[in-house]
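Open your viewer and keep the selection tool ready. We will go from stop to stop, and each stop says what to select and what is there.

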Amino acid sequence: MCERLKIELNAKLSELRTLPGPVEQFGEAYNLGLKMNFVINLALEELITNTVIHGQFDNLGQPRIYIDLRVENQTVFLVVESDGRPFDPTQDTHPDTTSELDSRPIGGLGLHLVKSQADRISYAYINDRNRLQLEYDIVPE
Amino acid sequence: MDIEVLEERVETTLVLLPVSRLDSANARAFEGIVMDHVRAGELNIIVDFSRLIFISSSGMRVLLIAAKQIQAKQGKLALSDMHPNIREIFAISGFDQIISIYDSRAEALAA
């Protein structure tokens with residue numbers, strides 16, 4: 001059984017499709033279930049898309065994203081690090097999820113979904129990288 | 001990146017079935033397909049999720065845009081056959097309060 005899943009990729013949307021396969025294999029190894037697999041895939045998709053579209057990389061050349069997934073004590077730890085200027089997603093404001101259809105703003109939902117599904121979330125900026133740690137308690141399906 | 005979208009017609013209703021994943025890689029392609037139908041005058045559209053295993057906010061955004069435009073033309077966009085994992089994020093986002101979601105396509109057609 002793999003102890004942890006570590007993946008590095010370029011900060012490009014085209015790299016996102018390389019992730020579901022390894023994440024699914026990791027989930028099967030730990031018997032995490034379909035729900036957890038979906039939640040992890042959604043978090044990776046939203047966080048990486050957000051980084052690629054909104055990240056400020058200055059003159060970094062090809063910025064990178066670093067994923068580290070592990071299970072400890074019935075908790076899934078998902079750490080996503082990215083090059084670039086500091087951006088703390090935990091400080092993002094709560095989007096409008098209540099107004100009527102014709103006045104509902106478009107966008108801003110991705111981080112809200114990620115934060116809503118995580119049991120704990122923490123952010124730090126370390127060694128010129130944004131580091132976001134998400135924790136998910138494993139609940140038997 | 002492209003997306004496969006199956007299309008079926010039931011009387012005046014157009015049923016769209018996106019296949020596999022709807023995410024930031026192919027949301028723009030899906031938006032093009034849906035909005036072409038809206039511009040062509042389709043007023044009753046059901047998006048049947050039975051072939052979809054994953055959707056992200058990029059895909060949900062397209063459905064919100066389509067729902068707004070169809071409502072502005074006095075039409076209706078309905079969604080059906082969602083996997084519970086997908087249904088949950090529609091609830092978290094509050095989309096289930098502004099877009100009609102049915103357990104089955106038959107219920108969506110009967111509504």
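**Stop 1: two helices of chain A**

Select helix H1 (residues 20-29) of chain A together with H2(A): their axes come within 10 Å and cross at roughly 145°. Axes here are lines fitted to C-alpha atoms, for helices over the stretch in contact, and angles run from 0 to 180 degrees between N-to-C directions. Helices (H or I, at least four residues) and strands (E, at least two) are DSSP runs, numbered from the N terminus.

H1(A) passes H2(A) in a right-handed crossing. A crossing is right-handed if the near helix is turned clockwise from the far one by less than a right angle, and left-handed if anticlockwise. Now show the residues that make the contact. From H1(A), pick A:Pro20, A:Val23, A:Glu24 and A:Gly27. From H2(A), pick A:Met36, A:Asn37, A:Ile40 and A:Asn41. Two residues are in contact if their C-beta atoms, placed from the backbone, lie within 7 Å.

Before moving on, note that this is a predicted model: local features need pLDDT of at least 70, side-chain atom pairs count only at pLDDT 80 or more, and totals for chains, interfaces and linings use all residues. Residues are numbered from 1 along each chain as its sequence is written, while chains are lettered from A and ligands numbered from 1 in the order in which they are written.

**Stop 2: the other partner of H2(A)**

H2(A) passes H3(A) in a left-handed crossing. On the H3(A) side, select A:Gly110, A:Leu111, A:Leu113, A:Val114 and A:Gln117. Residues they meet in H2(A) include A:Val39, A:Leu42 and A:Ala43.

**Stop 3: the core**

Which residues have the most contacts inside the largest nonpolar core? Select A:Ile40, A:Ala43 and B:Leu63; this core has 60 residues. Helix H2 (residues 33-54) of chain A gives the most to it, with 10 residues. A nonpolar core is a set of buried Ala, Val, Leu, Ile, Met, Phe, Trp, Tyr and Cys residues joined through C-beta atoms within 7 Å. Buried means 20 or more other C-beta atoms within 10 Å of a residue's own; exposed means 12 or fewer, and partly exposed is in between, with C-beta atoms placed from the backbone.

Zoom in on A:Ile40. Leaving aside neighbours within four places in sequence, A:Ile40 is in contact with A:Val23, A:Leu69, A:Val76 and A:Leu78.

**Stop 4: where the chains touch**

Colour by chain. The contact takes 20 residues from chain B and 23 residues from chain A. On the chain B side, H2(B) gives the largest share, 9 residues.

**Stop 5: two loops**

Select A:Asp128, in the loop between strand S4 (120-126) and strand S5 (129-137) of chain A. A:Asp128 has a positive phi of about 65°, although it is not a glycine. Most residues other than glycine have a negative phi. Is A:Asp128 buried or exposed? A:Asp128 is exposed, with 10 other C-beta atoms within 10 Å.

Jump to B:Gln74, in the loop between H2 and strand S6 (76-80) of chain B. B:Gln74 also has a positive phi of about 65° and is not a glycine. B:Gln74 counts as exposed, with 7 C-beta neighbours inside 10 Å.

Zoom out. Chain A has 3 helices and 5 strands. Along the sequence the pattern is β-α-α-β-β-α-β-β.
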